[in-house]
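Biologist: I would like to learn how to read some features of a model. Please take them one at a time.

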Amino acid sequence: MKRHGLELRARLRYLYHGSSPLAVRFRLTVVVIDFAIIAFFIAAPLLKEQGRSFYIIDYAIAALLAADLVARIAAYSDWKDWFKRPINWIDIVVLATLLFPAWALNFGFLRILRLWTLLNSDLFWRTVGHRFDNTKVEAVTRALAALVTFIFVATGFVYTSFRGGHPGLVGYIDALYFTVATLTTTGFGDVTLPGPWGRLLSIAIMLVGITLFLRLGQTLFRPHKVNYPCETCGLTKHDPDAVHCKACGNILCIPDHGADH
């Protein structure tokens, strides 16, 4: 039994962390399934009216995510270290909202955090992101993931907490409209949140939204760098045409193909 357990862990480690074509195809399948699940999370507020069918899909997704979490823990070299990473706890919270939909109904909007954890995971960048040698693509992707995740988390919170509090705030689309209008500081004013807590939430959405937009703009227009570790000091990010390390002055030999991406 113990031998079979070790063999299973070795197999999972090979699939989740290996570099062979089979391991890459496996992780790519996991990423594609993840994006399909995230699409379901985004559409969930509109699909809840389907009743029993919705909850069947909900529990099926819970089973998939639970299996993926268990497999990733088993594939990790030290499971205690795995639990020390905050990003992994976010996935556990997402799973909890699926396993206990009635109890965690008001926290269902947190499921979209799966998008942020996926696009910030080692699995994603070892599978898809390894094609890009420069850091600009990674920075833009992470910034865009943070912005999109915030929009839908804020929309979900507004929808579950303030639905019916304003004549114009009835459905999920109304909540999304309010969030985007507030986040961009357009503020049409046809939909507002009632009371002091509504005003405070609106202020928070504005401030965080502006910050995330600025971060995305910086990543889009900032000169890109390449990942090339300096042999002396270990600095990993350098300009594509750098000859010397800007931290220690060591001579670099960055491959020419790094500047082509």
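Biologist: Which residues do ring pairs link into a cluster?

Modeller: Two rings of Phe, Tyr or Trp (its six-membered ring) pair if their centres lie within 6.5 Å; planes under 30 degrees apart are stacked, over 60 edge-to-face, and the rest tilted. Here the cluster consists of Phe40, Phe41, Phe54 and Tyr55. This is a predicted model, where local features need pLDDT of at least 70 and side-chain atom pairs count only at pLDDT 80 or more, while totals for chains, interfaces and linings use all residues. Residues are numbered from 1 along each chain as its sequence is written, and side-chain values use heavy atoms, with hydrogens and water left out.

Biologist: How many aromatic pairs does the rule give?

Modeller: The count is ten aromatic pairs. In one of them, the ring centres of Tyr16 and Phe26 are 5.2 Å apart and the planes stand at 80°, so this pair is edge-to-face. Tyr16 belongs to helix H1 and Phe26 to helix H2, so the pair ties together parts that are ten residues apart in sequence. Helices are DSSP runs (H or I, at least four residues), numbered from the N terminus. Another pair is Phe54 and Tyr55, with centres 5.3 Å apart and planes at 85°, so it is edge-to-face.

Biologist: Is Phe54 buried or exposed?

Modeller: Buried means under 20% relative accessible area, exposed over 50%, and partly exposed in between (1.4 Å probe, protein chains only). Phe54 has 4% and is buried, whereas Tyr55 is partly exposed at 34%. Tyr16 is buried at 4%, and Phe26 is partly exposed at 25%.

Biologist: What is the span of helix H3?

Modeller: The expected span is 1.5 Å times one less than the number of residues. H3 covers residues 52–75, 24 residues in total, and reaches 35 Å from first to last C-alpha, close to the expected 34 Å. Its buried residues include Phe54, Asp58, Ile61, Ala62 and Leu65. An α-helix has 3.6 residues a turn, so residues three or four places apart point the same way.

Biologist: Which residue has its charged end over the ring of Tyr159?

Modeller: The rule asks for NZ of Lys or CZ of Arg within 6 Å of the ring centre and within 35 degrees of the ring normal. The residue is Arg163, whose charged end sits over the ring of Tyr159, 4.6 Å from its centre.

How values were computed. Helix = DSSP H or I, 4+ residues; strand = E, 2+ residues; numbered from the N terminus.
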